[in-house]
Amino acid sequence: MSNASERPGAEPGAEPGEEIGFVGLGVMGQPMALNLARAGTRLVVWNRSPAAADPLREAGAAVATSVEEVFERTRIVVLMLVNEAVLDEVLQRGTPGFAKLVSGHIVVSMGSNPPDYSRGLAAEIVAAGGRYVEAPVSGSRKPAEMGHLVSLLGGDPEAVAEVRPLLAPMCRETILCGPVGNALLMKLAVNLYLCTTLAGLAEAAHFASQNGLDLSRFQAAIDSGPMASDLTRVKIPKLIAGDFSVQAATADAFNSTNLIAQAARTAGMASPVLDLCRELYGESVELGNGRLDMSSVLKAIEARTAALGRS
């Protein structure tokens, strides 16, 4: 398997008209599933909170009454779930129902989990007669809505080749990372850069504000220079406006930094920049911003400044 980065092409995939399962219609999962449905993919969806499935029903997807129904009706099931505890619960892992669910299926996990967890889950699915592909995505809600996510793929080459074409309506690119575990390690490397970059951007905006600079000029200075990116173009306006409506939640960013730190320690390496940013995301969560956008890390920086004034 190569490390090529490209949009899915002529690889084999699902049979024409085959129903595909999709479980997990949260902040990211709902727009991802909608892009599949609008592209003509026949979907069978399920979510723990039934109201989240209403837009999918309107888009033509079948709404299942249970996870079991999703697996009964489909051969390939995509899971976009918040963490490994929910993934285990949905798959009934550790119970006799697990093997019944996954046998004969390709299970595709598009959430972010620890690499070792993913390897263990893959082994159990294979032992039960199924196949497993990890396909974590890089991007937040806006790219999810636009179908501009990047998917990192890990797993058995044949299973990956079968799944890859299905991702095209959701992902502008797919990157083949090798065996199970590698795609999630790659996601952690990407998130290390993302989380530290956003914390640095928030601190820079705070610095400009505290020094009385025109923040619209700050935005112009960043976006006309070498540091300009999709991230700056989306997040600087949010930082200026104090608009923390969620695109990627602070609690999820904090969880991601914890996973990265754990993987770094496993590899016997230091992560000094990441560790400081992890503290800041954690402090923002403690301030009550867990379900706000991760740009609310600004609130933790502002709180530290306020503490300096009181000392």
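Author: Contact means that heavy atoms lie within 4.5 Å. The model is predicted, so that local features need pLDDT of at least 70 and side-chain atom pairs count only at pLDDT 80 or more, while totals for chains, interfaces and linings use all residues. Residues are numbered from 1 along each chain as its sequence is written, and side-chain values use heavy atoms, with hydrogens and water left out.

Helix α12 spans residues 250-266; helices are DSSP runs of H or I with at least four residues, strands are runs of E with at least two, and both are numbered from the N terminus. The 17 residues of α12 reach 24 Å from the first C-alpha to the last, close to the 24 Å expected at 1.5 Å a residue (the expected span is 1.5 Å times one less than the number of residues). Thr250, Ala253, Ser256, Thr257, Leu259, Ile260, Ala261 and Ala264 are the buried residues of α12, where buried means under 20% relative accessible area, exposed over 50% and partly exposed in between, with a 1.4 Å probe and protein chains only. These buried residues pack against α9 (182-210) and α13 (272-289). After α12 comes Gly268, which has a positive phi near 70°.

The axes of α9 and α12 are 9 Å apart, and the two helices pack at an angle of about 120°. Axes are lines fitted to C-alpha atoms, for helices over the stretch in contact, and angles run from 0 to 180 degrees between N-to-C directions. The pair is therefore oblique; angles under 35 degrees count as roughly parallel, over 145 as roughly antiparallel, 65 to 115 as roughly perpendicular and the rest as oblique. The crossing of α9 and α12 is left-handed, a term used if the near helix is turned anticlockwise from the far one by less than a right angle, with right-handed used if clockwise.

The cysteines may be considered next. The whole structure contains zero disulfides, a disulfide being a pair of cysteine sulfur atoms within 2.5 Å. For Cys195, the nearest cysteine sulfur is that of Cys277, 7.9 Å away. Cys195 is buried, because its relative accessible area is 2%. Cys177 is likewise buried, at 8% relative accessibility.

Elsewhere, Leu81 lies in the loop between β5 (76-79) and α4 (84-91). At 14% relative accessibility, Leu81 counts as buried. Apart from neighbours within four places in sequence, Leu81 is in contact with Val23, Gly24, Val86, Leu87, Val90 and Gly111. The C-alpha atoms of Leu81 and Ser109 are separated by 7.9 Å, although the two residues are 28 residues apart along the chain.

Gln92 is located in the loop between α4 and α5 (96-102). Gln92 has a positive phi of about 60° without being a glycine, and at 22% relative accessibility it counts as partly exposed.
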